[in-house]
Each structure stands twice: as C-alpha cells, then as structure tokens.
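Please open the structure and keep it beside you while you read this note. Each point can be checked against it.

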Amino acid sequence: MKQDLYVYSREWAYKDIPSKIIIEELLEDDTGKQDIVDYKFLCYQGQPRYIVYDQDRFSGHKRNIYDIDWNLIPCTTDVPKIEESIEKPLLLDEMLRIATKLSEDFPFVRVDLYCVNKKIYFGELTFYPWSGYVKFDPEECDVLLGEKININEIRRDNK
C-alpha cells in the first residue's frame, strides 16, 4: 500500500492514484489447481497479434509466445520457455474476439485473460507490459513485438 508505482516504474498513468485493496474471486480449475494459465494478448490498433502464455507463475514460472494462429514464436524472455508442446486453447477464438473488443480504442494494449473450467475471465488491460523492462532473446524479438506499434497514433492520442 505504501509503494508508489509511479516512482517505482515511471508509468505516468499511476501518478497520484490512491492505493486501494481489491478482493477478487479465487480462480481454480476443476483439479483444485490455483496456479492457472494466464493468456496475455498483445493488441495493436484493436487487433490481437501475439499471445503470451504464462504457466505456473507462482511455482516454476514458464512462458511461451505465440501468434494468433497458435504458432510458437522463437522468443524467450526473463522467464524460461515451456519445452513441451502446448495445445491450442479450446476457447482461443472467443478469447481473441474478447481481446479485439477490449482493445479497439487503443493504439496498443495488452489484454490479460484467463480460461478456467471452460469459462473466460478478464484480468486486466495494461499499456506498459512488464513496465518495459523485459529482455527478449534474440534481440530481434523486441523489433518483432514492437514494430506494429504505430508511434504516430500514440502521439496523436496524447495531444
């Protein structure tokens, strides 16, 4: 409650926002697993282009990045890659539809969703994924994920 996220990460949108405690429903799958999969949709001009798939975030965190056709992108981040093959999510098309709708008004936004027991839950919208500090390997991934951001559109929106 005492940490000022604006000072910590220099994300201007957090400046002067009072701290609050929010209590959310605990999501767990049918097996009782609470460490659920996190789907992060990178959306550009209202169109999802990439999906960051995070698993076991609190107990052996691993991450893969896919295109919207569920092809693995050869990028790694500060989190180890998942070595085993991950099947395309059953409700991926619906999650893409939701991400498209939620991102339609923004030049760039990450839409976070969860799919638990065949039900989709909204996580958050973020304009600063990982506060801009994640290192991608190889470096070309920075270009791949960033080149679709239309800087002129962002500048126009901030005037």
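This is a predicted model: local features need pLDDT of at least 70, side-chain atom pairs count only at pLDDT 80 or more; totals for chains, interfaces and linings use all residues.

1. **The largest pocket.** Start with empty space. Rolling a probe the size of a water molecule over the atoms shows where such space is left. The largest pocket here has a volume of about 1,200 Å³. Its lining counts 35 residues, and the closest to the pocket centre are Ile22, Glu24, Tyr114, Gly123 and Glu124.

2. **Who lines the pocket?** Which strand gives the most to the lining of the largest pocket? Strand E5 does, with four residues. Four elements supply at least two lining residues each: helix H1 (5-9), strand E1 (38-44), strand E4 (108-116) and strand E5 (119-126). Sorted by class, the lining holds 15 nonpolar, five polar and 15 charged residues.

3. **Aromatic pairs.** Now turn to the rings. A pair of aromatic rings is described by the distance of the centres and the angle of the planes. The count for this model is eight aromatic pairs. Take Tyr53 and Trp70: their ring centres are 5.9 Å apart and their planes stand at 80°, so this pair is edge-to-face. The cut-off to remember is an angle over 60 degrees. Tyr53 sits in strand E2 (residues 47-55), while Trp70 sits in the loop between strand E3 (62-67) and helix H2 (92-103). The pair therefore ties together parts that are 17 residues apart in sequence. Both Tyr53 and Trp70 are buried.

4. **A ring cluster.** Tyr53 and Trp70 also belong to a cluster.

5. Are the two partners buried or partly exposed? Phe136 has a relative accessible area of 8%, so it is buried. Trp130 has 22%, so it counts as partly exposed. The line between the two classes is drawn at 20%. Trp130 has a charged neighbour as well: Arg110 lies over the face of its ring, 5.2 Å from the ring centre.

6. **Thr126.** This residue belongs to strand E5. Its relative accessibility is 7%, so Thr126 is buried. Where does its side chain reach? It reaches the backbone nitrogen of Tyr128, at 3.4 Å.

7. **Backbone: a cis bond.** Look next at the peptide bond from Asp137 to Pro138. This bond is cis, with omega near 0°. Pro138 lies in the loop between E5 and helix H3 (140-146).

8. **Backbone: positive phi.** Two residues deserve a check here. Asp16 is not a glycine, yet its phi is positive, near 65°. Gln45 is not a glycine either, and its phi is positive at about 50°. Asp16 lies in the loop between H1 and E1, and Gln45 in the loop between E1 and E2. Asp16 has 70% relative accessibility, so it is exposed. Gln45 has 36%, so it is partly exposed.

9. **Apart in sequence: Lys15.** Lys15 is in the loop between H1 and E1. With 45% relative accessibility, Lys15 is partly exposed. Lys15 and Leu5 are ten residues apart in sequence, and their C-alpha atoms are 7.6 Å apart in space.

10. Asp54 is part of strand E2. Is it buried or exposed? Its relative accessibility is 0%, so Asp54 is buried. Ile36 is 18 residues away along the chain, with 8.7 Å between the two C-alpha atoms.

11. Gly60 is in the loop between E2 and E3. Its relative accessibility is 49%, so Gly60 counts as partly exposed. The exposed class begins over 50%. Pro80 is 20 residues from Gly60 in sequence, and the two are 8.9 Å apart from C-alpha to C-alpha.

Key:
Residues are numbered from 1 along each chain as its sequence is written. Side-chain values use heavy atoms; hydrogens and water are left out. On a 1 Å grid over the protein atoms alone, a cavity is a set of points where a 1.4 Å probe fits but cannot get out, and a pocket is an open set with protein on both sides within 12 Å along at least five of seven lines; lining residues have an atom within 4 Å of a point. Grid points are joined across faces, edges and corners, and a volume is the space filled by probe spheres set on the points. Ala, Val, Leu, Ile, Met, Phe, Trp, Tyr, Cys and Pro count as nonpolar, Asp, Glu, Lys and Arg as charged, and the others, Gly among them, as polar. Rings of Phe, Tyr and Trp (its six-membered ring) pair if their centres lie within 6.5 Å; planes under 30 degrees apart count as stacked, over 60 as edge-to-face and the rest as tilted. Buried means under 20% relative accessible area, exposed over 50%, partly exposed in between (1.4 Å probe, protein chains only). A charge sits over a ring if NZ of Lys or CZ of Arg is within 6 Å of the ring centre and within 35 degrees of the ring normal. A polar contact is a pair of N or O atoms within 3.5 Å; within protein, one must be able to donate a hydrogen and the other to accept it, and residues adjacent in sequence count only if both atoms are side-chain atoms.
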